Amino acid sequence: MRKDKIFIQVLMVVGVIVSIYSCVEPDALNDSDYSEWLSGGSQTVFDNGAGGFSTAFPHLTAAREKVHSIGDGAFGQTFVTAPAPQNPGLGPIFNNVSCTSCHINDGRGKPPLPGEQLSSLLIRISIPGTDAHGGPNPVPGFGGQLQQRGVFGAQPEASVRIDYTEQSYTFADGTPYSLRFPTYTLENPYTTLPAGVMLSPRVAPPVFGLGLLEAVDEADILALADPDDRNDDGISGKPNYAWNVAEGKMTLGKFGWKAANPSLLQQSAGAYNEDMGITNFVFPHESATGQPQYDGRDDEYEVSDSLLYSVAFYIRTLGVPARRAADDAGVLQGKKLFTDGKCSQCHVPRLRTKTDVAFPEISNQVIFPYTDMLVHDMGPNLADNRPDFDASGVEWRTSPLWGIGLTRIVNGHQNFLHDGRARTLLEAIMWHGGEAEASKEFVRTLSQDDRDKLIKFLESL
């Protein structure tokens with residue numbers, strides 16, 4: 001009986017997909033053409049396994065499929081020290097050797113276990129003040145991101161030690177829980193660190209679905225903002241404007257833990273440069289420039305323009321996994337609790353992409369990312385106390401929740417939040433504070449049964 005029900009649901013969803021695809025004109029779709037089963041609109045993918053975050057849009061032209069495939073290959077390329085016949089240019093200082101080393105299976109990174117080296121978590125650093133464009137002020141001798149590895153002969157900038165302290169709490173029904181508070185210490189710096197260095201640890205975020213988020217119109221995002229809390233609901237999300245290198249001006253930030261990146265191209269180029277020491281046309285200088293590790297080679301770009309564009313296109317065209325059990329009674333009750341707790345005021349379920357006649361695959365799609373793409377005050381316990389353009393030291397961008405229920409299957413862990421400190425979805429909720437303090441308290445007072453339903457809903461996303 002259950003199998004029959006699932007089969008019918010799949011048929012219904014596939015029928016919707018086919019119906020949508022048959023309507024090629026980007027502005028011809030009605031809201032009734034979509035359902036919450038289709039998290040990514042017509043670019044929803046039906047892979048609930050380990051490849052759930054790594055599947056291309058199901059509807060791409062042959063030419064675009066080719067570019068996606070080239071970008072997929074480049075995303076997995078391992079860079080090595082120059083000179084080398086393939087992929088030279090790593091370093092001289094770096095965090096990792098390939099895109100996929102951090103974004104494993106295009107998913108979520110995690111903090112290292114005791115005895116492990118940093119791999120999919122990096123540390124942004126700065127000192128008080130701002131740079132020439134209003135961004136974080138680089139640390140003299142270190143820059144804006146700590147590179148904990150170096151090629152042969154190049155000294156790493158420092159190593160990182162993470163210590164955790166457990167603190168115990170209790171739900172209103174008497175059930176205990178605990179949260180682990182991390183402390184980050186830079187050890188063995190290659191030179192003296194100045195006073196007042198601010199640290200911002202960040203795990204690699206998932207990269208699927210970002211093309212759809214990039215296609216959300218700025219006006220629609222700004223319509224969700226309420227920086228002065230004029231409706232007096234205690235929630236005051238605001239946009240973060242960041243320096244757009246290509247446009248040479250401040251534009252709306254959409255990506256990264258603090259929405260400090262305005263485009264997927266800039267985010268990809270910045271990751272090549274800072275994470276691997278790979279120069280490119282967006283960031284043409286070595287990340288070690290001005291430091292003793294710098295090798296003096298400011299020659300040709302270490303990744304070509306075409307490959308950089310293909311990697312950005314690969315990310316732009318990764319589909320979003322479909323919901324599971326979206327009509328399950330417990331999931332629906334959990335969804336109601338999600339709304340009653342006002343979680344949906346920041347994790348906005350539904351957005352629509354703008355019309356784009358040049359790229360109809362992402363045009364005019366109703367999507368269900370569960371984010372408002374704004375930054376919010378998340379309270380002192382989550383603060384990194386490091387401003388990033390307009391985002392203060394207590395503000396973080398609302399993370400999309402689509403696909404979050406597949407994290408354990410795709411990435412083999414359940415570490416959440418910007419530095420992976422939360423070990424379960426429930427812990428992630430209980431870390432919320434600031435504008436989300438009331439929502440956290442709502443969850444704290446739920447019964448065990450209702451908490452289970454809320455988590456069941458999140459696991460269905």
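Which residues of helix α11 (residues 437–444) are buried?

## Helix α11

The buried residues of α11 are S439, K440 and V443; buried means under 20% relative accessible area, exposed over 50% and partly exposed in between, with a 1.4 Å probe and protein chains only. They sit on the same side of α11, because the arc they cover around the axis is only 100 degrees. That arc is taken from the directions from the helix axis to the C-beta atoms. An α-helix has 3.6 residues a turn, so residues three or four places apart point the same way.

The buried residues of α11 pack against α10 (425–430) and α12 (448–459), where contact means heavy atoms within 4.5 Å.

## Basis of the model

This is a predicted model, in which local features need pLDDT of at least 70 and side-chain atom pairs count only at pLDDT 80 or more, while totals for chains, interfaces and linings use all residues. Residues are numbered from 1 along each chain as its sequence is written, and side-chain values use heavy atoms, with hydrogens and water left out.

## Overall build

The chain has 12 helices and 16 strands; these are DSSP runs numbered from the N terminus, helices being H or I with at least four residues and strands E with at least two. The chain is as compact as a globular protein of its length, because its radius of gyration is 22 Å, close to the 23 Å from the globule rule for 461 residues. The radius is taken over C-alpha atoms, and the rule is 2.2 Å times the number of residues to the power 0.38. Along the principal axes, the C-alpha atoms fill a box of roughly 65 × 55 × 45 Å.

Of the 461 residues, 53% count as buried. Among contacts with a separation of 6 or more, 67% come from residues 24 or more positions apart.

## K453 in helix α12

K453 lies in helix α12 and is buried, at 17% relative accessible area. Leaving out residues up to four places away in sequence, K453 touches G330, Q333, G334 and L337. K336 is 117 residues from K453 in sequence, with a C-alpha to C-alpha distance of 9.5 Å.

## L461 after helix α12

L461 is in the segment after α12 and counts as buried at 1% relative accessibility. Apart from neighbours within four places in sequence, L461 has contacts that include R323, R324, Y370 and W402.
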